[in-house]
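Here is my note on the model, point by point. Please read it with the structure open.

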Amino acid sequence: MKFYPVTSRVHRFALLGIGLLGCTLASATRANLDLSPQEESSDLEGTKISQLVFNTGSRLKASYQPPRGWKYSGGSDYLDLQPNGMAQVKARVSKLPAPAASPFDSEGRKGLTEKVIRSLPEGSEDVKILAEELNPLQIDGKQTYLVELSYTYYGERYACYTLFLERAPEMLSFRLSCRESNYQTLREEFRRSLYTWQNL
C-alpha cells in the first residue's frame with residue numbers, strides 16, 4: 001500500500017481551507033463582543049478581587065478592571081466610566097466600524113486624528129494636538145494609536161485622550177475627556193486601567 005505525504009496538492013488545499021475557516025470563525029467570535037458589563041469577584045489569598053467581564057460569543061469572556069472607585073454602566077456597544085464625585089468628566093469604551101483601509105498607516109492615522117477633532121463638542125475653540133503616537137501601549141497584544149487634544153469650551157480649557165485599538169472586524173475606542181486641571185491625574189488612572197483588558 002502506498003502512502004502519500006500530507007504536503008500533496010490536494011491536502012495543501014484542504015489544509016488551506018481549514019485554516020481560512022478557522023480565521024473566519026475566530027473573526028465571527030470576536031465580532032460578538034458585548035460591552036454590557038457584568039461584575040465578577042474572586043478571592044485571592046483572602047483579598048477580594050473584582051473585575052468586569054463581557055460576553056464574546058464564546059466560552060472565553062473578555063475582562064477589565066476599571067480604575068478604583070470609578071462607577072460604570074454600559075450597553076452592547078459601549079462602556080461608560082465615571083470617577084466618583086467629579087463633574088465634567090466623560091470616559092467611554094466604544095465599538096467602531098472598521099475602516100476600509102489599514103487603520104494605522106499614515107492616511108489611516110490622519111483620518112483618526114480628524115475623527116477625534118470632529119467629535120469635540122460643537123463650539124469648541126483653540127483646538128491643539130498634544131500628541132499623536134502609534135503603539136504607546138499594546139492592549140492584549142494588539143496595536144493602538146493615540147490622539148491627545150486640548151480645547152476651549154465655553155471659556156474653560158479641556159483635554160481629551162483617545163486611544164484606538166486595531167481589532168478585527170471592528171475597532172475599539174478608549175476615550176477620556178475632562179477639565180484640563182484634572183487631566184493628568186485622570187489620564188494616568190485611565191491609561192493604567194487599559195493594561196488590564198484581556199481576551200479582546
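1. Leucine 120 is buried, with a relative accessible area of 8%. Leucine 120 sits in the loop between helix 2 and strand 7. Bear in mind that this is a predicted model.

2. What does leucine 120 touch, leaving aside its neighbours within four places in sequence? Its contacts are Val127, Leu149, Tyr151 and Arg175. Serine 150 is 30 residues away from leucine 120 along the chain, and the two C-alpha atoms are separated by 10.0 Å.

3. Now the overall layout. The chain has three helices and 10 strands. From the N terminus on, the elements run α-β-β-β-β-β-β-α-β-β-β-β-α. Of the 200 residues, 34% count as buried. Take the contacts between residues at least 6 apart in sequence: 50% of them join residues at least 24 apart.

4. Which residue of strand 9 is the bridge partner of glutamate 148? The partner is tyrosine 161.

5. Helix 3 deserves a check on its length. At 1.5 Å a residue, its 15 residues should span 21 Å. The end C-alpha atoms are 21 Å apart, so the two values agree. Helix 3 also bends, by about 30°, at leucine 186.

6. Which residues of helix 3 are buried? They are Tyr183, Leu186, Arg187, Phe190, Arg191, Ser193 and Leu194.

7. Not counting residues up to four places away in sequence, arginine 187 touches Glu148, Tyr161 and Leu176.

8. The largest nonpolar core has 29 residues. Those with the most contacts inside it are Phe54, Ile139, Tyr161, Phe174, Phe190, Leu194 and Trp197. Several elements give two or more residues to this core: strand 2 (47-54), strand 3 (62-64), strand 5 (78-83), strand 6 (90-97), strand 9 (156-165), strand 10 (170-179) and helix 3 (180-194). Apart from it lies another core, of 13 residues, among them Val116, Tyr151, Cys160 and Phe164. In soluble globular proteins, nonpolar side chains tend to be buried together.

9. Tyrosine 161 ties several of these points together. Not counting residues up to four places away in sequence, its contacts include Glu148, Phe174, Tyr183, Arg187, Phe190 and Leu194. Leu137, Leu146 and Val147 are also among the residues that tyrosine 161 touches.

10. A second open sheet has three strands, in the order 1-2-3, with antiparallel pairing. Its edge strands are strand 1 (38-44) and strand 3, each pairing on one side only. Neighbouring strands here are turned by 40° against each other on average, direction ignored.

11. Last, the pairings in this sheet. Strand 1 and strand 2 pair over seven bridges. Aspartate 43 stands opposite lysine 48 in strand 2. Two residues lie between these strands in their hairpin, where glutamate 45 takes a positive phi near 50°. Strand 2 and strand 3 pair over three bridges. Phenylalanine 54 stands opposite alanine 62 in strand 3, and leucine 52 has tyrosine 64 as its bridge partner.

Note on methods: Residues numbered from 1 in each chain as written. Predicted model: local features only at pLDDT ≥ 70, side-chain atom pairs only at ≥ 80, totals over all residues. Heavy atoms only, no water. Core = buried A, V, L, I, M, F, W, Y, C linked by side-chain atoms within 4.5 Å. Buried < 20%, exposed > 50% of the residue type's maximum accessible area, 1.4 Å probe, protein only. Helix = DSSP H or I, 4+ residues; strand = E, 2+ residues; numbered from the N terminus. Contact = heavy atoms within 4.5 Å. Pairing = 2+ DSSP bridges. Expected span 1.5 Å × (residues − 1). Bend = angle between axes of the 7 residues up to and from the residue. Axes fitted to C-alpha atoms, helices over the stretch in contact; angles between N-to-C directions.
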